[in-house]
Amino acid sequence: MTSRWTTAVLDTDITGGWAVARSRDGFLFDDNGALFPREWLKRQELSILAEHGIGHLDGEPVYLLELNSSAEIPGCRWQGLRAFMLEGDHTVYKVLGYAAQIGTWAREHRFCGNCGQAMQQISRERAMYCEACDLRHYPRISPSMIVLITRGDEVLLARSPRFVPGVYSTLAGFAEPGESAEDCLIREVREEVRIEVRNIQYMGSQCWPFPHSMMLGFHAEYAGGEIVPQEDEIEDAQWFNIHALPPLPASRSIARYLIDVYVARRLGHTEPVLPG
C-alpha cells in the first residue's frame, strides 16, 4: 500500500505524532528511517532552534525539529537529503524535502530583513511575522526551467563541473524577475550553449528542495546554431544519440524523466511517469 503525505500547518502545543530532526549535517536516521516518535525525540539532548508542524503521513501528524547543531544519539546517524533521494522511500523523501525547505526558510527569517528585529512564528499560518513592521514572510519558491533539446534521434546533454564525474544532464536555470518560463528557457539555452530552440512543450514539474526550487520541465526542438559551452558554467555539452547515451541523472529526477520520455517515444516504448 502506498503511503500518503499531505502538507499542513500543525499546532506545536499538541503532544504526540512523529518528528524528523534536521541539522546542518542533514537529517537524523536510525535503522528504521528518519521518522521518530516525537515525544521521545524531544527528550534527547538536542539543541532545538525551532519546531514546526509540517503535515500528515498516513493520517499521523509529522513535525520538524530544526536544530542549531547535530548531536550524538546512540544507534543514529546524520545523512544528507541528496543521498537519501537516490536510495530511500520516495514518500519519506517528499516529507524530508518539504521539511528541509521549511527549516531553511524559518532559519533564514528569524530576523526581519527590513528592521532587524526578531520575527515570530504565526499560529495556524506558515508565516514569520515582524510586529514592528507589520510584515509577514512566507516560504519562498524559486521557479526554474529545465529542458531537453532534441534533434531527431539526438539529444543535447551537458555537464557542469559540480556534477558527479561522467554524468550528463539537461540544461536548467532560474527564472529572472519579469520572465515567463518560456523566456527563461530561451535565454538560458542561449547563455549556456548558444543555440536556438523552437516548439517548446511543457512536460511537468517537480519540487526540488535544494533549497527551494520549483523545476518546470520542458521539451524543445533544435532550431539552429553551434554548441558553444558557457565558460565556468558548462564543462562540456554534446549531441548524443539515444542509442549511445552517457551516464544520466538519478531516475527520480525530472531531468531523467525528460530524457526517458523522449527515448520511449522514439523507440515506441511505454512512457515513464514523473515521480509525484
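## Two domains

The C-alpha centres of domain 1 and domain 2 lie 32 Å apart in this predicted model. Domain 1 covers residues 5–109, and domain 2 covers residues 142–267.

Contact between the two parts involves 12 residues of domain 1 and nine residues of domain 2. The size of an interface is often given as the accessible area lost when the parts come together. Here, domain 1 and domain 2 bury about 940 Å² between them, and carbon and sulfur atoms hold 62% of that area. On the side of domain 1, R82, M85 and Q101 supply 52% of the area buried against domain 2, more than any other three residues.

## The chain as a whole

Five helices and 16 strands make up the secondary structure elements of the chain. Its C-alpha atoms fill a box of roughly 60 × 45 × 30 Å along the principal axes. Among contacts with a separation of 6 or more, 61% join residues 24 or more positions apart.

Of the 276 residues, 45% count as buried. The accessible surface of the chain comes to about 14,500 Å², and 48% of this surface belongs to carbon and sulfur atoms.

S213 belongs to strand β15, which spans residues 213–224. Because its relative accessibility is 4%, under the 20% limit, S213 counts as buried. Leaving aside residues up to four places away in sequence, S213 touches Q101, S142, S144, F174, Q206, C207 and W208. One of these, Q101, is also among the three residues that supply 52% of the area domain 1 buries against domain 2.

Most residues other than glycine have a negative phi.

D232 counts as exposed because its relative accessibility is 66%.

Note on methods
Residues are numbered from 1 along each chain as its sequence is written. This is a predicted model: local features need pLDDT of at least 70, side-chain atom pairs count only at pLDDT 80 or more; totals for chains, interfaces and linings use all residues. Side-chain values use heavy atoms; hydrogens and water are left out. Helices (H or I, at least four residues) and strands (E, at least two) are DSSP runs, numbered from the N terminus. Buried means under 20% relative accessible area, exposed over 50%, partly exposed in between (1.4 Å probe, protein chains only). Contact means heavy atoms within 4.5 Å. Accessible areas come from the Shrake-Rupley method with a 1.4 Å probe; for residues, only the protein chains shown count as cover. Domain bounds come from an automatic or database domain assignment. Buried area is the accessible area (1.4 Å probe) that two parts lose on being put together, summed over both.
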